[in-house]
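Reader: I'm new to this one. Can you walk me through it?

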Amino acid sequence: MRKLIWAISGILFLAACKSGSDTKTLPIFGERTPVTKTVDGKQVTDTLYQTIPPFKFVNQYGDTISNKNLDGKIYVADFFFTSCPSICPTMQRNMLLVYNEFKNDPNVKILSHTIDPKHDTVPVLKDYADKLGIEGNSWWLLYGQKEDIYQLAEKHYLTRVNDGKDGLIHEGWFLLVDKQKRIRGSYDGTVPDQVKQLIADMHILQLEK
Amino acid sequence: MLTGCANAQKEEKALQKEVLDSHDKVMADDEKAMINKMKLDTLIKKADSLKINKQTANQLSSKLTAADDAMSDWMKNLNLDNSGKNHDDIMKYWREQHVKVKQVDSLLVAATNESAAFIKTTQK
């Protein structure tokens, strides 16, 4: 019996070591601010990471969606518009792969922001979602003030991919955000291999606390 | 006959691609316009303390909005489905769209440049 316990313990130990060495972590992007605080009388410097600031939009069901709906969840953000004739159909086809992979996990969301709120009203977004076959609450198509969406895009989501070129918001980026609202990855949403990588990285983030 | 038909379709696709490529370029100009609009709107909120000409800032902001609306309307009305039309009509349609998208681009570039010049004066 004792031998059996030792054997099981050994196997568990080896398994723990193996999974520990295989654990991958994703980089954290964005600005970092060092913060010095006093802990137990000693000065300790900590790092504050850039996070996505509070926001409030409306989804395809007419429900208000704010940053609070994403607390403790990981999500993918992108920018599109329903009448987009060039890259958006490819992007949304690829995003469907992400949706199908994670639609049963309530802690994973997709946020697609329209950059043409003049025409992409809530009913138009609902119709678009229906045509894509989106159901439930894992993929939200978001409507809001154009200035608010651009502000978030330019100052937060897309800073990581800013290569000095013009037209970032219409380049088809998928941005991966973690449970603490930090950017953890950016992927070209028109390239299937990058979308595959996004899905793999989302599985890694799912395991993070 | 078949070759002629294939060539006609090739020609239509090439012109359509040219228009859609223009659209992607104009989207980048639209983004610049929106960035300037955000800057202007921030300035307008602080107009009194910054002592800037609020009326000019408002006019420039409206001009940017009008150009952005023109882009939005053009995209909404663009029809990718030309089925049932003959070759000449399809070519005519895409030529017209090319002219229209370039007009929209001119509006965006002009409004962006004007607003950029104004913003620059406030930074002195």
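**Rings, contacts and one glutamine**

Author: Start with some rings. A:Tyr75, A:Phe79 and A:Tyr157 are linked into a cluster by ring pairs. Keep in mind that this is a predicted model.

Reader: How many aromatic pairs are there over all chains?

Author: The count is 6 aromatic pairs over all chains. One of them joins B:Tyr93 and B:Trp94.

Reader: What is the geometry of the pair B:Tyr93 and B:Trp94?

Author: That pair is edge-to-face. The centres are 5.3 Å apart, with 75° between the planes.

Reader: Are B:Tyr93 and B:Trp94 buried or exposed?

Author: Both B:Tyr93 and B:Trp94 are buried.

Reader: New topic. How many residues does the contact take from chain B and from chain A?

Author: Chain B puts in 21 residues, and chain A puts in 18 residues.

Reader: And how much area do chain B and chain A bury between them?

Author: About 1,800 Å². Carbon and sulfur atoms hold 61% of it.

Reader: Which residues in chain B lose the most area to chain A?

Author: B:Glu31, B:Met38 and B:Lys76. Together they make up 31% of what the chain B side buries.

Reader: How many salt bridges cross the interface of chain B and chain A?

Author: The rule finds 4 salt bridges there. A salt bridge also joins the side chains of A:Lys146 and B:Asp68, at 2.6 Å from N to O. As for polar contact, 11 residue pairs turn up across the interface of chain B and chain A.

Reader: Which helices of chain B supply at least two residues of the side that touches chain A?

Author: α1 (2–45) and α3 (54–77) of chain B each do. α1(B) gives the most, with 13 residues.

Reader: How do the residues on that side of chain B divide?

Author: Into 9 nonpolar, 2 polar and 10 charged.

Reader: Let's switch to A:Gln50. Where is its place?

Author: A:Gln50 is in a loop of chain A, between β2 (42–49) and β3 (56–58).

Reader: Why does A:Gln50 count as buried?

Author: Because its relative accessibility is 17%, and buried means under 20%.

Reader: What does the side chain of A:Gln50 meet in polar contact at 3.3 Å?

Author: The side chain of A:His156. A polar atom of the A:Gln50 side chain also lies 3.4 Å from the backbone oxygen of A:Lys155.

Reader: Leaving aside neighbours within four places in sequence, which residues is A:Gln50 in contact with?

Author: Among them are A:Phe29, A:Gly30, A:Glu31, A:Thr159, A:Lys181 and A:Arg182. A:Lys155 and A:His156 are in contact with A:Gln50 too.

Note on methods. Residues are numbered from 1 along each chain as its sequence is written. Chains are lettered from A and ligands numbered from 1 in the order in which they are written. This is a predicted model: local features need pLDDT of at least 70, side-chain atom pairs count only at pLDDT 80 or more; totals for chains, interfaces and linings use all residues. Side-chain values use heavy atoms; hydrogens and water are left out. Contact means heavy atoms within 4.5 Å. Buried area is the accessible area (1.4 Å probe) that two parts lose on being put together, summed over both. A polar contact is a pair of N or O atoms within 3.5 Å; within protein, one must be able to donate a hydrogen and the other to accept it, and residues adjacent in sequence count only if both atoms are side-chain atoms. Helices (H or I, at least four residues) and strands (E, at least two) are DSSP runs, numbered from the N terminus. Ala, Val, Leu, Ile, Met, Phe, Trp, Tyr, Cys and Pro count as nonpolar, Asp, Glu, Lys and Arg as charged, and the others, Gly among them, as polar. Buried means under 20% relative accessible area, exposed over 50%, partly exposed in between (1.4 Å probe, protein chains only). Rings of Phe, Tyr and Trp (its six-membered ring) pair if their centres lie within 6.5 Å; planes under 30 degrees apart count as stacked, over 60 as edge-to-face and the rest as tilted.
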